[in-house]
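Dear colleague,

Please find the structure below, followed by a short account of what was found in it.

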Amino acid sequence: MDNHSYDVVIIGGGPAGLSAGLYTSRARLDSLLIEKGLWGGQIANVEQIENFPGFPDGIGGFELGQLMQQQAAKYGLKTVSGQVTAIELHGEQKIIKTTEGDFTAKVVIIAGGSERQKLGVPGEEKFTGKGVSYCATCDAAFFRDRPVAIAGGGNSAITEALHLSRYASKVTIIHRRHQLRATSILQERALAEPKIAFLWDTVVEKIEGEDFVKRLRLRQLLTGEESTLEVAGIFVAIGFQPDTDYLKAILPLDETGHIITNEKMETAIPGILAAGDIRHNSARQAITAAGDGATAAIYAERFLTEH
Ligand code: NAP
């Protein structure tokens with residue numbers, strides 16, 4: 001246990017957490033940020049980010065995450081690598097339990113983001129890492145000149161399909177409706193890409209193979225017709241779920257497990273704030289997460305002044 005008591009402990013090193021850390025450090029608050037993976041969180045796996053203001057030619061997500069961390073560290077943000085397992089309330093102090101020991105703080109900003117949603121079909125778990133992937137930027141190169149599929153119809157699915165089309169022989173997007181959720185500019189690019197094909201109103205029912213994925217069993221939802229698609233891999237991009245199981249006992253969550261906050265990013269517990277994708281009704285963009293983080297830091301500072 002680290003006997004030191006911080007002013008602020010921030011959970012998560014994505015755009016929300018690192019922006020919060022930048023603001024709390026510049027406010028001269030004694031701040032520690034805990035991150036379990038890469039700086040940038042989800043954006044670390046995004047090849048190119050085109051909608052973060054200030055980068056007219058876009059910027060690699062990994063690079064943006066690194067730059068955000070460097071900027072916060074420059075003003076004194078301390079960081080530790082580890083996973084948070086629980087938060088305990090001891091009067092006005094909060095004890096943040098992690099795989100690397102316990103930390104104490106007066107204020108906690110939860111910015112842990114969310115993780116890829118699973119399809120929940122037979123074969124998905126068995127073939128994860130053997131043809132089933134949740135990150136095209138990480139794994140696309142393994143599928144050079146081979147056919148792959150993507151499940152999903154949102155911005156992630158289309159961005160990843162476009163990335164995969166540079167490697168794979170063919171990319172089949174399997175979407176459960178007949179209309180994409182992705183933004184128009186991405187739709188236009190995907191529809192114009194000859195290597196990308198679409199299967200509409202269709203779901204994956206089973207992933208099959210031997211050592212690696214070989215085929216998908218599909219069902220057309222309108223006709224009920226079943227079919228088989230031969231692929232070397234499937235990328236699952238059907239949204240995200242928040243990592244909030246460890247918070248259930250202390251915080252009110254919405255029906256999908258996201259943390260409920262007010263417009264100041266305050267939760268129901270004084271001194272615990274939440275920012276970014278982990279929040280109920282988040283717009284789920286790097287830029288809005290960064291804004292949430294800054295807002296949370298400003299109200300964290302106000303809380304500390306008043307308590
Ligand atoms: P999303 O926007 O929630 O889209 C999820 C997609 O998966 C939807 O098309 C949904 O179908 C489908 N889906 C959900 N559950 C399913 C299931 N069980 N089986 C089959 N299909 C299922 O998630 P996302 O695309 O990961 O994007 C998450 C957030 O990140 C969004 O806010 C997005 O804008 C943002 N993002 C932005 C960019 C960018 O700006 N370039 C890139 C990536 C992500 P329905 O359409 O029928 O609901």
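Are phenylalanine 143 and phenylalanine 235 buried or exposed? Phenylalanine 143 is buried, as is phenylalanine 235; buried means under 20% relative accessible area, exposed over 50% and partly exposed in between, with a 1.4 Å probe and protein chains only.

This is a predicted model, in which local features need pLDDT of at least 70 and side-chain atom pairs count only at pLDDT 80 or more, while totals for chains, interfaces and linings use all residues. Residues are numbered from 1 along each chain as its sequence is written, and side-chain values use heavy atoms, leaving out hydrogens and water.

Three aromatic pairs were found in a search of the whole structure. Rings of Phe, Tyr and Trp (its six-membered ring) pair if their centres lie within 6.5 Å; planes under 30 degrees apart count as stacked, over 60 as edge-to-face and the rest as tilted. For phenylalanine 52 and phenylalanine 55, the ring centres are 6.3 Å apart and the planes are at 45 degrees, so this pair is tilted. Phenylalanine 52 is buried, at 14% relative accessible area, whereas phenylalanine 55 is partly exposed, at 27%. The rings of phenylalanine 143 and phenylalanine 235 are edge-to-face because their planes stand at 75 degrees, with centres 5.4 Å apart.

Two charged residues also sit over rings (NZ of Lys or CZ of Arg within 6 Å of the ring centre and within 35 degrees of the ring normal). Arginine 26 lies over the face of tyrosine 75, 4.7 Å from the ring centre; lysine 118 lies over that of tyrosine 134, at 4.9 Å.

Yours sincerely
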